[in-house]
Amino acid sequence: MFMKKEVIGPNQLLALIILFELGTAVLVPIGLESGHAVWLAILIALPGGIVLYLVFAHLYLQFPNQIISGYTRSILGPWLGWPVSLLFLPVLLYNGSRNLREAGDLLISASYDKTPILIINSIMIIAVMYILSKGIEVFARTAEIVLWIVIIMGCICIIAVISAGLVEYKNLFPLHMSDYKQALKSAYPNILIFPFGELMCFTTILPHFNKSRKIKKTGIAAIIVSACLLSFTHAIEMSVLGENLYSRTAFPMFTTITLVNMANFIQRLDALVMLTLIIGAFFKLTVYCYAAVAIANDLFKVNDTSRLVVPAGVIMLFSSFVSAQNYSEHMNDGKTFLQTILPVFCAVIPILLLLIHLVRRKFGLYR
Amino acid sequence: MENINSPVSPKLEDNISTIQARLGNSPDLVIRTYELINRTARVAAIYIAGITDRVMVDDYISHVMSFQALNDHARLAVTPEEVYSYIKENALSIGKEKLVTDINGLLEALLSGDTVILVNGVGGGISGSTCGGEARPVSEAATQVAIRGSKESFTETISTNIALVRKIIKNPDLWTETMKLGDVTHTDITIMYIRGIADEETIQAFKDKLQEIKVDMILESGYIEQIVEDNKYSPFPTMFNTERPDSVAGNLLDGRIAIFVDGTPFVLIAPTTFFMFFHTVEDYYQRYDISSLIRMLRFVCLVISMYGPAIFVAALNFHQEMIPTPLLINLASQREGVPFPAFVEAVLMEVTFEIIREAGVRMPSPIGQTVSIIGGLVLGTAAVQAGIVSPAMVIVVSLTGISSFATPAFNMALSIRMLRFIIMAIAAFMGLYGIAIFTIMLIAHLCSLRSLGVPYMTPIGPFVPGNLKDTFIRSPQSFTRLRKRLVNNSKRSSASPAGKRAAGRKSDER
């Protein structure tokens, strides 16, 4: 039977990118080395993020109907392209499982100290499988609606933190020359890769976009918005907690919100942060899962999209708690992963692909 | 089998005995035979008492048989054929006359309330519409009450219902199409839409769907609703039903289709969106500020009736830190003597509430109220005093119960009530986290629904900024000059004659 191609509109792409970018990045400390200038580091990394996105968008415009594994094979040839695309699979699955682990660990440390992580993670994975079995269109529409919920909750949290009088500017300023240097150092490549480089997943979603003329505008708008939100949130966190506490807590945002106490009545808004985290981690996880499934579908020529969702979900679920014994080990792994493997797949390979493509096209090397 | 369709025989006795045999000698079958004086023909008038209008039948018979007046003149009709053609011409005046040539057609005409005239010696009959009989008069809407606005509501008679809408929309473009469904019941179904506003492909697709229906009976519009729905396993209704003509009119003007079913005052409306179930016609009759506030209140009620007990259970079980300390101490002291966990307590009270509600609905109304009062007061107070539930739980449950009545559409309220139990169970198991994950899944499910091709969550997912003016709030008339767009998510909605669609659209969604 002929299936109508699933399409997503500009608003939906915007919502997906914002939710993906905010995902876990608002919760965990990012750019560890940047000190109290973390908010600046995020803004410094923003142009790089946009350039990276433009690379993905340009590749998409060159091959409008193919996902990354498809054009990797077109550009590098099937013999080299297939294995290279295959390498994306474990990276995507592992990175997705890291999000799952982070969400699970926060939940456990917040209020589920007696629940096994397997239960917590598997519930989330079941939801991911459900939503992916409905298709990318449904997923994008859900993101559109959920974004409103996140915005409302975010506003409540920020207003609560500010009106509780917790913000102290002395934690943010002054900025010295060394701070700028540090910020620059942590922006490139760390913050560039996480969270901006992770947009690589969207190379599998872009072919569903229905207004290809707007692709750059939409993406850039989404990235700028999410970078500003990220920077603002981290600035608030930093200003409330101070550099010392910020770098020591596992989840600065969570710690920040527990400090809110208004009129002895609005005391703990943890629930809101937890919901934000659940939603963010969920969407990031789903995008990763979708990307992995899409690439696997393309590589192994599976026509039914939803068939690989269950295996991919199960792999993610198990690697989420098998990969590291405890949270600090997980964070350590993450650091290494972020510094070595992720840059290769998020930035180096796509940029190389684009360069090779440009060279081949220029010299007419495509048959 | 004996039910074979034979042509009407020229012999009157044969026909009469066939009809009697086919109808099982039914006592309400009336056969009046006339011997026409001076003429060779014998004539029979056949109808079924009770579903015909007596006055009309008498008029009809006396009219078509008014040979007497012409007796003085030439012998007009001598042969049966002449009598037949004479009657045929006279029958024109009653209207809706048609010729029947076979027994099945004759029976169908009889059973729809027609009077059939048979002439001995002619293989055919003339039927004239005399349908009538007892019908409930147009009365005030019982289930969808409005403080302001038309008090009329639909009745069980399809022609009356169509007329009620026609009286509101006096436009030649208001089109109706009729068909009969149900292999046994032969129920009349009428589709109504406004040509030029409703999407033609949607209408065609819907008609095709109706034609494919193979069922024995259509007793109520609910049958059609359940058969036609795309998502049979979804808890959410994708068709709206109303018994208010003004609501139907408003929806027709929005480009929707109305489906009338004979025998029920509930008219179906499709395609629908989720938010439509929280709107009432009255929103447009009241001032915009009041209507907007009331609408928002309804959405708050939606959240309460879905999540109220679930959040309470989750907070007590998992997230005590969320509750301010004095309140927590208060709650804890209330629950001191209660032997059950919060979830059991909540389910106990919710089920009690559902039982009281259901009993109250089925009972005759004077007793029904007694049941609710006894159930509510006695059970609530007694349960607290007996230490089975805590007072706070009673408050939460009753608030939830009342909130669920604030949803204007009853079928949506039912779905939400059902989901409430699921969410409660999840909250007891996984707390807020479970609620959040389930909510995401629920939103995804809602987004995957379509009603006749229109995405169910239309104004917000897919996002249609123009329609937001009339979703959560009802903006002033001057802001909403454009009618809401039913997004069909395919190219054709933009390709269809845009000028016609956009011209002079007024906003109202009911």
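**Notebook: loops, cis bonds and a helix pair**

I started at B:Pro271, which sits in the loop between β10 (267-270) and α9 (282-285) of chain B. I take helices (H or I, at least four residues) and strands (E, at least two) as DSSP runs, numbered from the N terminus. The peptide bond between B:Ala270 and B:Pro271 is cis, with omega about -10°.

Ground rules next. I am working on a predicted model, where local features need pLDDT of at least 70, side-chain atom pairs count only at pLDDT 80 or more, and totals for chains, interfaces and linings use all residues. Residues are numbered from 1 along each chain as its sequence is written, chains are lettered from A and ligands numbered from 1 in the order in which they are written, and side-chain values use heavy atoms, with hydrogens and water left out.

I then looked up a cis bond in chain A. A:Phe194 and A:Pro195 are joined by a cis peptide bond with omega near 15°. A:Pro195 lies in helix α7 (residues 177-196) of chain A.

Positive phi came next. B:His186 is not a glycine, yet its phi is near 50°. I find B:His186 in the loop between β6 (174-181) and β7 (187-194) of chain B. B:Leu452, also not a glycine, has a positive phi of about 50°. B:Leu452 belongs to the loop between β11 (450-451) and β12 (454-455) of chain B.

Are these two residues buried or exposed? I call a residue buried under 20% relative accessible area, exposed over 50%, and partly exposed in between (1.4 Å probe, protein chains only). B:His186, at 46%, is partly exposed. B:Leu452, at 14%, is buried.

Then a helix pair in chain B. Helix α12 (residues 342-362) of chain B packs on helix α15 (residues 410-448) of chain B at about 160°, with the axes 10 Å apart. Axes are lines fitted to C-alpha atoms, for helices over the stretch in contact, and angles run from 0 to 180 degrees between N-to-C directions. So α12(B) is roughly antiparallel to α15(B), a label for angles over 145 degrees. Contact (heavy atoms within 4.5 Å) involves residues including B:Phe343 and B:Arg357 of α12(B) and B:Phe410 and B:Met424 of α15(B). I noted 10 nonpolar, no polar and five charged residues in this contact. Here Ala, Val, Leu, Ile, Met, Phe, Trp, Tyr, Cys and Pro count as nonpolar, Asp, Glu, Lys and Arg as charged, and the others, Gly among them, as polar.

Last, chain B overall. I list 17 helices and 12 strands. Of its 510 residues, 49% count as buried.

Methods. Parallel < 35°, antiparallel > 145°, perpendicular 65-115°, else oblique.
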